[in-house]
Amino acid sequence: MHYQPQRDLLNDRIILVTGASDGIGKEAALTYARHGASLILLGRQEAKLRQVAQAIKDEGQQAQWFTLDMATCTPEECQQLAATIAAATPHLDGVLHNAGLLGDICPMSEQDPATWDAVMRVNVNATFYLTQALLPLLLKSDSGSLVFTSSSVGRQGRANWGAYAASKFATEGMMQVLAEEYQNRLRVNCINPGGTRTKMRASAFPTEDPQKLKTPADIMPLYLWLMGDDSRRKTGMSFDAQPGRKPGITQ
Ligand code: NDP
């Protein structure tokens, strides 16, 4: 995407990112901060979140972090977290649902039901609980943007992608339902990052040369565009960070 964001694109915006401890979510949090946003970082590992928050503060922006294990969290915990955030934060201008779990790459007949459940809990259930809990804060913004993270296998099923593919179809569905429910009040969209150099990608494609992949930083233009006012009229859509990129082949 050829998008040249203004340096102050996200000035005075408050943006929450899940899975902000690593990979694409970490890069998105740092990038949003560099464009003026204050960040709320969610993740499951305190030490990693602390490090990202410090990097943001070192660049002069504000960052708070909260731990939440999305594989085990309950709706009540998500409501409690939202209440804690609301006590210190007047509104949320953006939420990037980025945290994700890959699960097993294997045929449906061999998918471990426990792993299937974990993938669904992280990618779908906890994402829904958090959305429900954070919606009141998002609706207080006059330019709220809710962004989900999908995948090419969330639009076209592919052999061996089992729980992950099913969870990303559910993600696309959640986005479409919410976009219709909040028309004119909140924009709701999906990003498909496309193959990107992260730990998740390396575990899905262990024999691939990571140097041939885009880095998280390379795909940030779309992440910025969807959070800023330049995408204000867009809702209910699924965007590719790397349009035209062919899906990889698992070995
Ligand atoms: P990474 O594995 O690098 O990062 C995943 C993030 O999610 C980490 O911050 C991780 O935390 C967090 N996370 C995982 N499980 C939990 C949990 N139980 N509770 C809370 N947080 C959790 O993945 P990517 O950066 O590659 O992926 C980001 C998103 O992009 C995902 O939704 C993924 O499905 C999607 N995607 C990625 C592609 C790629 O090629 N990289 C392609 C298509 C889609 P921790 O640091 O603790 O592990």
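Which residues does UniProt mark with the feature "domain: Ketoreductase"? The UniProt record, an unreviewed entry, places this feature at residues 13-196, in the numbering used here, with a shortened feature name and with the caution that annotations may be inferred rather than shown by experiment. The model is predicted, and local features need pLDDT of at least 70, side-chain atom pairs count only at pLDDT 80 or more, and totals for chains, interfaces and linings use all residues. Residues are numbered from 1 along each chain as its sequence is written, and side-chain values use heavy atoms, with hydrogens and water left out.

**The annotated span**
- Residues 13-196 are 46% helix and 16% strand, and the end C-alpha atoms of this span lie 27 Å apart; helices (H or I, at least four residues) and strands (E, at least two) are DSSP runs, numbered from the N terminus.

**The sheet**
- Seven strands form an open sheet with parallel pairing, in the order β3-β2-β1-β4-β5-β6-β7, where two strands pair if DSSP finds at least two bridges between them.
- β3 (63-67) and β7 (238-240) stand at the edges with a single partner strand each, so one side of each has no neighbour in the sheet.
- Strand β1 (residues 14-18) and strand β4 (residues 94-96) run parallel and are joined by three bridges, and Val17 has Leu96 in β4 as its bridge partner.
- Helix α3 packs on this sheet, where it touches β1, β2 (38-43) and β3, and its direction makes about 160° with that of β3; contact means heavy atoms within 4.5 Å, while angles run from 0 to 180 degrees between N-to-C directions, using axes fitted to C-alpha atoms, for helices over the stretch in contact.

**Helices α3 and α4**
- Helix α3 (residues 75-88) packs against helix α4 (residues 113-138) at an angle of about 25°, with the axes 8 Å apart.
- α3 and α4 are therefore roughly parallel to each other, since angles under 35 degrees count as roughly parallel, over 145 as roughly antiparallel, 65 to 115 as roughly perpendicular and the rest as oblique.
- Residues of α3 including Pro75, Leu81 and Ile85 meet residues of α4, among them Tyr129, Leu130 and Leu137.

**Helices α1 and α7**
- Helix α1 (residues 23-34) and helix α7 (residues 220-227) pack at about 55°, with their axes 10 Å apart, and they are therefore oblique to each other.
- Ile24, Glu27, Ala28, Thr31 and Tyr32 in α1 meet Met220, Tyr223, Leu224 and Met227 in α7.
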